[in-house]
Amino acid sequence: MVVTLGEIAVRFGCELRGDPQREVDSVATLVDAHPRAITFLAEARHRAALAQTRAAAVVLDERFAAQCPVDALISPNPRADYARIATYLYPARPVNPGIHESAIIAEDAEVDAGAEIGPLAVIGAGARIGAEVLIGPHCVIGADVTVAAQTRLMARVTLCDGVSIGERSILHPGTVIGADGFGFAPDRSAWLKIPQVGSVRIGADVEIGANTTVDRGAIGDTVIADGVKLDNQIQIGHNVRLGAHTAIAGCTGVSGSTVIGERCQIGGACAIGGHLLIVDDVIITGFSMISHSISKPGVYSSGIPFEDARTWRRMVARFKRSAAQDDPESNDD
């Protein structure tokens, strides 16, 4: 798509300082941008790259406008407006209504005439597929699943029986929603499986990354509210509840029955224990281990940043000496 800076400024409510007839057709980083690309600056630490950019225009806020060597689109929230502009320049491909000849559809499944069902997809009994839904190749939709309008399931997505997905959601390749949670009862020297009889309810405008798993509830449902964003390779345990517009980065695990509030931001590779309550507007930095509930909004961290190996060994030795001093009966041998 080719658009002018003037059109972008009007459409997205930015103040243009430059040539309204200048055309752009792509996006790029500050460093790699060419004279027909648009880019953005959201953080002061990238000002050196701003000085060298060859972009057609930069989306930035008023603080950096005087330092911009090319045309500028002034925005109070450059990252958000850049996202809107990029979405406009790179629209999702339209849904092509129809059912591929290799797809397998249960006789009593309801598939809207405006949906696209890809090659080798399987749709189970009683499933309901809404208007303008995209079901990608090799997806498996279980019995009594509901997929609301304009949702997109990319390749190899699995929705187990009874799962419901809200409107305009996106599930990336390999996502599994509604597999059994990790529920077992000890029985002498063995484990007895606890039936997982709940399901998963996912709201509208949710995006779930590749190979992320969301387990079905043991009794009630696992619930993901509207606007939640989950990165790749996340594990959400059974009966977890995620509040609206919470975002979680990759490789994080949330154990069963934990409730996380609205608008929380959780960094990558965090480990969050089970049966906890985390209130709204909490930020947890990457690699943190959360073993207790969080009752106040704020920024929380745990873990120790890396050091060279020799320093790290000295630090560990100090930790162990301190622990021994606190508990004289401890044995570190």
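**Backbone and helix features of a predicted model**

His-275 is located in the loop that runs between β35 (271–272) and β36 (277–278). The model is a predicted one. At His-275 phi is positive, about 60°, although the residue is not a glycine. The relative accessible area of His-275 is 66%, and the residue therefore counts as exposed, the cut-off for that class being over 50%.

A positive phi is also found at Glu-132, where the angle is near 60° and the residue is again other than glycine. Glu-132 is placed in the loop between β13 (128–129) and β14 (134–135). With a relative accessible area of 44%, Glu-132 is partly exposed, since this class lies between the 20% limit for buried residues and the 50% limit for exposed ones.

The secondary structure of the protein consists of four helices and 39 strands. One of the helices, α3, covers residues 78–89 and has 12 residues. From the first C-alpha to the last, α3 reaches 16 Å, which is close to the 16 Å expected at 1.5 Å a residue. The buried residues of this helix are Pro-78, Asp-81, Tyr-82, Ile-85, Ala-86 and Leu-89. They lie on the same side of α3, because the arc they cover around the axis is only 140°. In an α-helix there are 3.6 residues a turn, so residues three or four places apart point the same way.

The buried residues of α3 are covered by several other elements. Among these, α1 (5–12) is a helix. The cover also includes the strands β1 (3–4), β3 (23–24), β4 (26–27), β5 (37–40) and β6 (57–60).

For the protein as a whole, the C-alpha atoms fill a box of roughly 75 × 65 × 35 Å along the principal axes. The chain has 333 residues, of which 41% count as buried. The accessible surface comes to about 17500 Å², and carbon and sulfur atoms account for 55% of this area. Among contacts between residues at least 6 apart in sequence, 18% join residues at least 24 apart. As for charge, the protein carries 29 positive and 39 negative side chains. The centres of these two sets are 7 Å apart.

Technical notes. Residues are numbered from 1 along each chain as its sequence is written. This is a predicted model: local features need pLDDT of at least 70, side-chain atom pairs count only at pLDDT 80 or more; totals for chains, interfaces and linings use all residues. Side-chain values use heavy atoms; hydrogens and water are left out. Helices (H or I, at least four residues) and strands (E, at least two) are DSSP runs, numbered from the N terminus. The expected span of a helix is 1.5 Å times one less than its number of residues. Buried means under 20% relative accessible area, exposed over 50%, partly exposed in between (1.4 Å probe, protein chains only). The arc is that of the directions from the helix axis to the C-beta atoms. Contact means heavy atoms within 4.5 Å. Accessible areas come from the Shrake-Rupley method with a 1.4 Å probe; for residues, only the protein chains shown count as cover. Lys and Arg count as positive and Asp and Glu as negative; His and the chain ends are not counted. The place of a charge is taken as NZ of Lys, CZ of Arg, CG of Asp or CD of Glu.
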